[in-house]
Amino acid sequence: MGRLTEAAEAGGGVGAARSAGPPPNPLPLAASTPGCSATMASSDEDGSNGGAPELGEEREAPGRRRRLGWAATSWLTFYNIAMTAGWLVLAIAMVRFYMEKGTHKGLYKSIQKTLKFFQTFALLEIAHCLIGIVPTSVLVTGVQVSSRIFMVWLVTHSIKPIQNEESVVLFLISWTVTEITRYSFYTFSLLDHLPYFIKWARYNFFIILYPIGVAGELLTIYAALPYVKKTGMFSIRLPNKYNVSFDYYYFLLIIMASYIPLFPQLYFHMLRQRRKVLHGEVIVEKDD
Ligand SMILES: CCCCCCCCCCCCC/C=C/C(=O)SCCNC(=O)CCNC(=O)[C@H](O)C(C)(C)COP(=O)(O)OP(=O)(O)OC[C@H]1O[C@@H](n2cnc3c(N)ncnc32)[C@H](O)[C@@H]1OP(=O)(O)O
């Protein structure tokens, strides 16, 4: 598979990208899912979005923004405003904590409820994609959201001794800035008043925040390993009546290893989105 990038002419941008015909699937994770693209490439890129018009939306004309039904628009507007507010509350709480205490120790404990609530609420993003009210890839969204849920509930919440690690602060800051930017981008887009700065931030901040967030996540899992090995938490040992065994320690190692193939796909996906949205390039995938 070769990859060819063509610059779109003026007036193109996202719209021009959409008007390009559907290229062959670039990545092996491809699968057909109603409602949205199930590839690691965005639905913009494969031009699919499931083919038929989706619930609560009309199929967009090339070069024009998708139009959603009022119910979908109202729900998404509410959802995005709520999420922007939630992550803003989190940001303010973190800054206040640090200014008052002068240390990151105890920070996670003080913000964990808000974090858990809003990050868990983000599971709805997979649903949005599945029912077709947003044209994002279900796989990209699924990997992104599930890795966050995993970090929040099965790592940081469950393994108390790591909650004061610096690496936790690293991913918290990275997630928070990303989400404030991303949800305000969606909100202003829905209201058709997107300031250029927000658009610029959405497609530039990730360049540095993504590696920082991933480093924070990996270092946190790494810090958890000795505790998990020592306690045998979440593990099932043989013999037992079901004759199954599970070792959470090795599971964590596998999760860490899975970042190697998955993170570059997410990162390059965002880089392609950046080129399309900010520089109006059309990404065409071609077979050699
Ligand atoms: C069991 C455990 C499994 C674990 C697996 C482990 C492996 C994990 C490996 C990788 C780990 C990554 C961990 C992540 C860490 C971090 O997040 S670090 C912090 C930095 N992060 C980022 O910068 C994330 C950036 N990523 C993204 O933003 C995502 O990739 C994305 C949001 C999932 C997809 O972005 P993109 O393809 O650009 O699509 P969208 O932005 O969603 O836009 C497409 C169109 O859809 C519209 N839209 C989407 N959502 C909404 C919404 N909520 N409301 C309204 N509209 C929405 C959007 O406006 C676009 O529409 P158009 O403008 O009309 O095209």
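Visitor: What pattern does the protein chain follow along the sequence?
Guide: Read along the sequence, the pattern is β-α-α-β-β-α-α-α-α-α-α-α-α-β. Helices (H or I, at least four residues) and strands (E, at least two) are DSSP runs, numbered from the N terminus. The protein chain has 10 helices and 4 strands.

Visitor: What kind of model is this, and which pLDDT applies?
Guide: This is a predicted model: local features need pLDDT of at least 70, side-chain atom pairs count only at pLDDT 80 or more, and totals for chains, interfaces and linings use all residues. Residues are numbered from 1 along each chain as its sequence is written.

Visitor: How much of the protein chain is buried?
Guide: Of the 288 residues in the protein chain, 31% are buried. A residue is buried if 20 or more other C-beta atoms lie within 10 Å of its own, exposed if 12 or fewer, and partly exposed in between, with C-beta atoms placed from the backbone.

Visitor: On to the ligand. Which residues come nearest?
Guide: T136, Y186, F206, G213 and L262 come nearest, out of 39 residues around the ligand. A residue counts as near if its C-beta atom, placed from the backbone, lies within 6 Å of the molecule.

Visitor: Which elements give two or more residues to that shell around the ligand?
Guide: They are α3 (70-101), α6 (138-157), α7 (166-190), α9 (205-231) and α10 (248-279). The most comes from α10, with 9 residues.

Visitor: And the shell by class?
Guide: The shell around the ligand has 20 nonpolar, 14 polar and 5 charged residues. Here Ala, Val, Leu, Ile, Met, Phe, Trp, Tyr, Cys and Pro count as nonpolar, Asp, Glu, Lys and Arg as charged, and the others, Gly among them, as polar.

Visitor: What span should α3 have?
Guide: At 1.5 Å a residue, the 32 residues of α3 should span 46 Å, and the end C-alpha atoms of α3 are 46 Å apart, which agrees. The expected span is 1.5 Å times one less than the number of residues in the helix.

Visitor: Which residues of α3 are buried?
Guide: The buried residues of α3 are A72, Y79, N80, M83, T84, G86, W87, L90 and M94. Just after α3, G102 takes a positive phi of about 70°.

Visitor: How do α5 and α6 pack?
Guide: Helix α5 (residues 124-131) packs with α6 at an angle of about 170°, and their axes are 9 Å apart. The two helices are therefore roughly antiparallel to each other, a label for angles over 145 degrees. Axes are lines fitted to C-alpha atoms, for helices over the stretch in contact, and angles run from 0 to 180 degrees between N-to-C directions.

Visitor: Which residues make the contact?
Guide: From α5 they are E125, I126, C129 and L130, and from α6 they are V138, T141, G142 and V145. Two residues are in contact if their C-beta atoms, placed from the backbone, lie within 7 Å.

Visitor: Now the backbone. Which peptide bond is cis?
Guide: The bond from L238 to P239 is cis, with omega near -5°. P239 is found in the loop between α9 and α10.

Visitor: Where is F234 placed, and what is its phi?
Guide: F234 is also in the loop between α9 and α10. Phi of F234 is near 55°, a positive value in a residue other than glycine.

Visitor: Is N243 buried or exposed?
Guide: N243 counts as exposed, with 7 C-beta neighbours inside 10 Å.

Conventions. Parallel < 35°, antiparallel > 145°, perpendicular 65-115°, else oblique.
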